[in-house]
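Hi,

Here's the structure I promised to pass on. Have a look at it first, and then read my notes below.

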Amino acid sequence: MHTQICRLFHTVIEGDASLQYTIELSVAGLDDGPNSPQGPADRLDLLRKQQSGWNNLDWTDFKIVPRPGGGLWELCGGVLAQSTNSGTLVFRQLPSHYRGITERQWEVDISDIPVRDFTMDPSQDLLVLVECPRLQTFTQNASMFVGIHLRTLSDRIGKPHPMAVPSGVIVHNADIRAGRLSFVIQVCGEHVAIHFVSSFLNSSAESQLCIWNWKNGKLKLALDRLKGGNFAFLDERHVLIGDTFASNGNLAQPRLIILDIERMPTPRVAVDEVDYVCSFRLPPFTRGTRAFDLPIRCDPSPVWKPNPENLFPFATARQHRLYVITMWLSNGIGIVSYDLLVPSETFLSRIHRVSLEMGPQNFTWDEWGPMGSRLILSPVRSNVWVCYVFGTKYVSLQLPADDDAEHPPNSCIIEVWDFNQLALKRDMSAGRYTDDGYVGENTSDTNRSWFFAKDVCTSLPFRVSTRNLSAVFPTGRFEEAMCSEDSIILVDSVARKFGILTF
């Protein structure tokens, strides 16, 4: 009787396109599109084809996009933006075959201000422009004026964003001792975060991370002594920080700390003095080894949502994020970098266990790392083309060595690592694997070297899909890869062009 009931339920579910679509959405880590014109059966078909395309790296189109003469670029929310030498930003909405998004291009005039860097949030129609710092000597303490302009992304003349502070500009005064500044900019909902990174390694002025509410201009956090790019939002109030600070000249055991920007007693504080929610220790190092940088990447922001003007059938769910923490290690003999790949659930599940009465909670490496992450040797890449993660996917290129006689100079293999745990569990339980993929199940990576004090074992499951690009593009020479929701973007910095693989 029970067998007959189970068969009946199975038949009902298998025959109902709406139920099947809901199941497949959940497994794929996607949300349903609110305004899609397709019915459940059509969306289910598109979803399955899209997932198969990504798992087997079977893209539907390839296009070469030239890079203009400007030196600035950004990739966010499926939009690739580049600056020109004529005072404009050129935006290109990347297309999607399976999600029915058409390619379009537009320009925004920014010639009225000298722009040093920028970012955007297409879902909020927001363009954030960081002005070139200007020296201010007429004040009591000399400083560098930095204007942060909040403009409308879709407006060709760059009008102030209607929901921003009345002036459309947030002003920051940076310490003049910081020297030449570089910037790391992130938008998360109503917050804009900018890391003002000093170019002077031994400067008495430390780099500073500032977070504002861009709608009312209120400063929520000014965190001193933080290395460049060592932060990412976990949600709209929690920020993940890579802390390598060493006090009194002693080598510090690096850690990841989580701050609640809604609970800061005072906005300005040093990273070694800040009140945090919880901390996550990294694997112990050998004596003399130090982590001199811990940049963190995660795209898109945890509260990001796709542009509502696109009538998409489905989109990446908010809770599906992968954090890539790159550990740059030095021991006086050599320098090496490892990528620690951590799904958002590893951090968020522990935040939710912490209460105000408990005080800061400190998790040792053994309490969170071995089962909740995957540690790999970082692939060779620059610190320029850093958009190598989207959702739970992480992309890299494997290039031949200069002395590799077996492979031509233009040969390269693209790899897409996927850490969608629910999809992996289903495929592994059913014995399903991709044609060109590898699924890492219970086997752990062991990374013992002169840098780690003991074997470091991590066992978070993953899937790697690979494809040899030289067989597809025999005349191309790409050296970097980036990832968006519907695209892989290949970079040829010598010929100044992008290769866009569309799914």
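Let me begin with helix H2, residues 17–28: its 12 residues reach 16 Å from the first C-alpha to the last, close to the 16 Å expected at 1.5 Å a residue. Bear in mind that this is a predicted model.

At the start of H2, a side-chain oxygen of Asp16 comes to within 2.9 Å of the backbone nitrogen of Ser18. After the helix comes Gly29, with a positive phi near 70 degrees. The buried residues of H2 are Gln20, Tyr21, Glu24, Leu25, Val27 and Ala28. They sit on the same side of H2 because they cover an arc of only 165 degrees around the axis.

Next, strand E10 (residues 143–152). It is largely enclosed by the rest of the structure, since 10 of its 10 residues are buried. E10 has these antiparallel partners:

- Strand E8 (residues 126–131), joined by 5 bridges; Leu127 has Arg151 of E10 as its bridge partner.
- Strand E9 (residues 134–136), joined by 3 bridges, with Leu135 opposite Met144 in E10.
- Strand E11 (residues 169–175), paired over 7 bridges; Val146 is partnered by His172 in E11.

Finally, the cores. The largest nonpolar core has 33 residues, and Phe347 and Trp368 are among those with the most contacts inside it. Elements that each supply at least two of its residues include strand E24 (322–330) and helix H4 (344–351). Leaving aside neighbours within four places in sequence, Phe347 is in contact with residues including Leu234, Leu256, Phe280, Tyr323 and Trp368. A second, separate core of 31 residues includes Trp417, Leu460, Val464 and Ile488.

Cheers

How values were computed. Residues are numbered from 1 along each chain as its sequence is written. This is a predicted model: local features need pLDDT of at least 70, side-chain atom pairs count only at pLDDT 80 or more; totals for chains, interfaces and linings use all residues. Side-chain values use heavy atoms; hydrogens and water are left out. A nonpolar core is a set of buried Ala, Val, Leu, Ile, Met, Phe, Trp, Tyr and Cys residues joined through side-chain atoms within 4.5 Å. Buried means under 20% relative accessible area, exposed over 50%, partly exposed in between (1.4 Å probe, protein chains only). Helices (H or I, at least four residues) and strands (E, at least two) are DSSP runs, numbered from the N terminus. Contact means heavy atoms within 4.5 Å. The expected span of a helix is 1.5 Å times one less than its number of residues. The arc is that of the directions from the helix axis to the C-beta atoms. A polar contact is a pair of N or O atoms within 3.5 Å; within protein, one must be able to donate a hydrogen and the other to accept it, and residues adjacent in sequence count only if both atoms are side-chain atoms. Two strands pair if DSSP finds at least two bridges between them.
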